[in-house]
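Please examine the sequence and the structure shown below before reading on. The paragraphs that follow lead through the structure step by step.

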Amino acid sequence: MLIRAVVFDLFDTLVDLHSEDLPMEEHHGAPLPASVRPLYAAVTRDADVPFDDFTRALVESRRSFGETHFAHDREVPTLLLFQDVMQRLALSDPDLPRLLTDTHVGVLRSAVAVPCHHAEVLGDLRARARLGLCSNFSHSETALGVLDDAGLLAPLDAVVVSDAFGLRKPRREIFDEVLARLDAVPEEVIHVGDNLGADIAGAAELGIRTVWITRRVRDPEAQLRGYTGPLPDHTIADLAELSRWLEALD
């Protein structure tokens, strides 16, 4: 069947997130977000909160949402996370959760890099198929901003980000949503992503053909050895390889 649509993951697929370049800290063995220091600076502008109390609230909030949300592939919007942290700290400033959200996503955005040829790749693909995005991310505004700044938003016919939709890949519902927006059936669609569990297994469950992009995957062979789901239909190291594979399919 002719491929009518191509769906992409966002981070480490369309754009790169160099999280390894961000500072890492722990709280009694639990990892903290790279933004923890600027977050704490924002919290203590107008409140006297010990650093240990702040990090404890952050870890406890993430652990709690892990049980109620992430364990069921439900997304936790960044704003909701920080509203919960503020409640745990008994802080009442209504503007603080938004400030913390902006601070956190700003740190993440500083680690984003865009391969210079991706806008051209999407432009070429757009001439032959509809294009969509299906991303697990907790802040749609940032995702859309990253795409727009990179010149990658305009070619997309459908954008589904988990914080707005509520569910995360590999849940079939989020794939169903992007298919509906593209007016396509699974047999007509290719999904491209870097995560074997979320992208490859999730899309394959619906009968969508899958492409695993390994540009940012550390040791792909080791990843495959530890993976028990359906194998990708095709593997590429660079997005530019996708057009040639689609031509072969057609």
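**A guided reading of the model**

Asp73 counts as partly exposed, because its relative accessibility is 23%. The model in which this residue is seen is a predicted one. Asp73 belongs to the loop between H2 and H3, and its phi is positive, at about 55 degrees, although the residue is not a glycine. A positive phi in a residue other than glycine is also found at His28, where the angle is near 50 degrees. His28 is part of the loop between S3 and S4. With a relative accessibility of 72%, His28 counts as exposed.

A further backbone feature concerns a peptide bond. Lys169 and Pro170 are joined by a cis peptide bond, with omega at about 15 degrees. Pro170 is located in the loop between helix H7 (162-165) and H8. Lys169 also takes part in a network of salt bridges, in which it is linked with Asp9 and Asp199.

The interior may be considered next. In soluble globular proteins, nonpolar side chains tend to be buried together. In this model, the largest nonpolar core consists of 36 residues, and the members that touch the most others are Val6, Phe8, Leu14, Val192, Leu239 and Leu242. Several elements supply at least two residues each to this core, among them strand S1 (5-8), helix H4 (96-109), strand S6 (130-135), strand S8 (189-193) and helix H11 (242-249). Apart from this core lies another one of 22 residues, which includes Leu39, Val43, Phe82 and Val85.

Phe8 lies in strand S1. Is Phe8 buried or exposed? Its relative accessibility is 0%, and a residue under 20% is classed as buried, so Phe8 counts as buried. When neighbours within four places in sequence are left aside, the contacts of Phe8 include Leu14, Leu122, Leu133, Val192, Leu239 and Leu242. By contrast, the C-alpha atoms of Phe8 and Arg56 are 36 Å apart in space, the two residues being 48 positions apart in sequence. Leu14, when residues up to four places away in sequence are not counted, touches Phe8, Asp9, Pro115, His118, Leu122, Leu133, Leu147, Leu152 and Leu239. Asp9, named among these contacts of Leu14, is also a member of the salt-bridge network with Lys169 and Asp199.

Attention may now turn to the open space in the model. The largest pocket has a volume of about 1100 Å³. Which residues lie nearest the centre of the largest pocket? They are Leu17, Leu108, Asn136, Phe137 and Arg168, out of 36 residues that line the pocket. Two or more lining residues come from each of strand S4 (30-32), helix H2 (51-68), helix H3 (78-88), H4 and helix H9 (196-205). By class, the lining comprises 18 nonpolar, seven polar and eleven charged residues.

Glu25 is partly exposed, its relative accessible area being 25%. Arg37 likewise counts as partly exposed, at 44% relative accessibility.

Another salt bridge is formed by Glu60 and Arg88, with 4.0 Å between the closest N and O atoms. Because Glu60 lies in helix H2 and Arg88 in helix H3, the pair ties together parts that are 28 residues apart in sequence. Glu60 has a relative accessible area of 34% and is partly exposed; Arg88 is partly exposed as well, with 37%.

A further pair is found within a single helix. The side chains of Glu177 and Arg181 meet in a salt bridge, at 2.8 Å from N to O. These residues are four places apart in helix H8 (residues 172-182), so about one helical turn separates them. Glu177 is partly exposed, with a relative accessible area of 24%, and Arg181 is partly exposed with 40%.

How values were computed:
Residues numbered from 1 in each chain as written. Predicted model: local features only at pLDDT ≥ 70, side-chain atom pairs only at ≥ 80, totals over all residues. Heavy atoms only, no water. Core = buried A, V, L, I, M, F, W, Y, C linked by side-chain atoms within 4.5 Å. Buried < 20%, exposed > 50% of the residue type's maximum accessible area, 1.4 Å probe, protein only. Contact = heavy atoms within 4.5 Å. 1 Å grid on protein atoms, 1.4 Å probe; cavity = no way out; pocket = protein on both sides within 12 Å on 5 of 7 lines; lining within 4 Å. Points joined across faces, edges and corners; volume = space filled by probe spheres on them. Nonpolar A, V, L, I, M, F, W, Y, C, P; charged D, E, K, R; others polar.
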